[in-house]
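Subject: Structure handover

Hello,

Here is the structure I promised to pass on. Please have it open while you read the notes below.

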Amino acid sequence: QQLEEEICNAQLEKENISRLSTQLQQDAKKIKQANTQKAKQAQFLQQKSEQYEKLIASLQGEMSENGYSQDIQHGTLQKCHQEIKSLESQVLPLKSQLEHFADLPPNLELAKLKVEEAKQELIRLEKELSKNIDLIHAEK
């Protein structure tokens, strides 16, 4: 009886070991498949990485051929734009001051001539005003 129990226990252990062995074989097969899949994926990603590195090198060469420099990077251009805006805001009040002199001729002789013409016009207008005032007094 004890022998039969030992045989029965041994058979149960054999079945457990057999089941565990089968399970381990299945797990090993799944792990192997997963590793194969990951290796394929790693190979694909490696190829893509090499492809992108070649593309980057090609595009950098093309940029150099087309005259690219650090001066025309987006950040640099934004800084330049801000500087331009700042300078424009400083120039605006100066332009408004300059507009007062826009009617003046570009050289001194012409400016003197323009002033003389304005004086003559003023004298003519004063005479006309005087004449009109005299006419108004004469009519009274």
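What follows is a short account of what was found, from the whole chain down to single residues.

Please keep in mind that this is a predicted model.

**Overall build**

The protein chain has three helices and zero strands. Along the sequence the order is α-α-α. The radius of gyration is 50 Å, whereas the globule rule gives 14 Å for 140 residues, so the protein chain is more spread out than a compact globule. The C-alpha trace spans about 160 × 50 × 20 Å along its principal axes.

The helix limits are as follows:

- Helix H1 covers residues 2-65.
- Helix H2 covers residues 74-99.
- Helix H3 covers residues 108-139.

**Surface and charge**

How many of the 140 residues count as buried? The share is 1%. The accessible surface of the protein chain is about 13,500 Å². Carbon and sulfur atoms account for 57% of that surface.

On charge, the protein chain carries 19 positive and 23 negative side chains. The centres of these two sets lie 3 Å apart.

Which residues are linked in a network of salt bridges? They are Glu-121, Arg-124 and Glu-128.

Take the pair Arg-124 and Glu-121 to begin with. Their side chains meet at 2.7 Å, N to O. Both residues sit in helix H3, three residues apart, which is about one turn of the helix.

Now the other pair. The side chains of Arg-124 and Glu-128 form a salt bridge at 3.1 Å, N to O. This pair also lies in helix H3, with a spacing of four residues, again about one turn of the helix.

Are these residues buried, partly exposed or exposed? Arg-124 has 41% relative accessibility, so it counts as partly exposed. Glu-121 is at 36%, and therefore counts as partly exposed. Glu-128 has a relative accessible area of 39%, so it is partly exposed. The cut-offs behind these calls are under 20% for buried and over 50% for exposed.

**A nonpolar patch**

Which residues make the nonpolar surface patch of about 390 Å²? Tyr-52, Leu-55, Ile-56 and Leu-59 do. Of these, Tyr-52 lies in helix H1. Tyr-52 is at 46% relative accessibility, so it counts as partly exposed.

**Single residues and distances**

Start with Lys-38, which is in helix H1. Its relative accessible area is 56%, so Lys-38 is exposed.

At 59% relative accessibility, Glu-99 counts as exposed, because the cut-off is over 50%.

**In brief**

The predicted model shows three helices and zero strands. The protein chain is more spread out than a compact globule, and 1% of its residues count as buried. The nonpolar patch is made by Tyr-52, Leu-55, Ile-56 and Leu-59.

Best wishes

Definitions and conventions:
Residues are numbered from 1 along each chain as its sequence is written. This is a predicted model: local features need pLDDT of at least 70, side-chain atom pairs count only at pLDDT 80 or more; totals for chains, interfaces and linings use all residues. Side-chain values use heavy atoms; hydrogens and water are left out. Helices (H or I, at least four residues) and strands (E, at least two) are DSSP runs, numbered from the N terminus. The radius of gyration is taken over C-alpha atoms; the globule rule is 2.2 Å times the number of residues to the power 0.38. Buried means under 20% relative accessible area, exposed over 50%, partly exposed in between (1.4 Å probe, protein chains only). Accessible areas come from the Shrake-Rupley method with a 1.4 Å probe; for residues, only the protein chains shown count as cover. Lys and Arg count as positive and Asp and Glu as negative; His and the chain ends are not counted. The place of a charge is taken as NZ of Lys, CZ of Arg, CG of Asp or CD of Glu. A salt bridge is a side-chain nitrogen of Lys or Arg within 4 Å of a carboxyl oxygen of Asp or Glu. Patches are made of residues with over 30% relative accessible area and no salt bridge: like charges are joined within 9 Å, nonpolar side chains (Val, Leu, Ile, Met, Phe, Trp, Tyr) within 5 Å.
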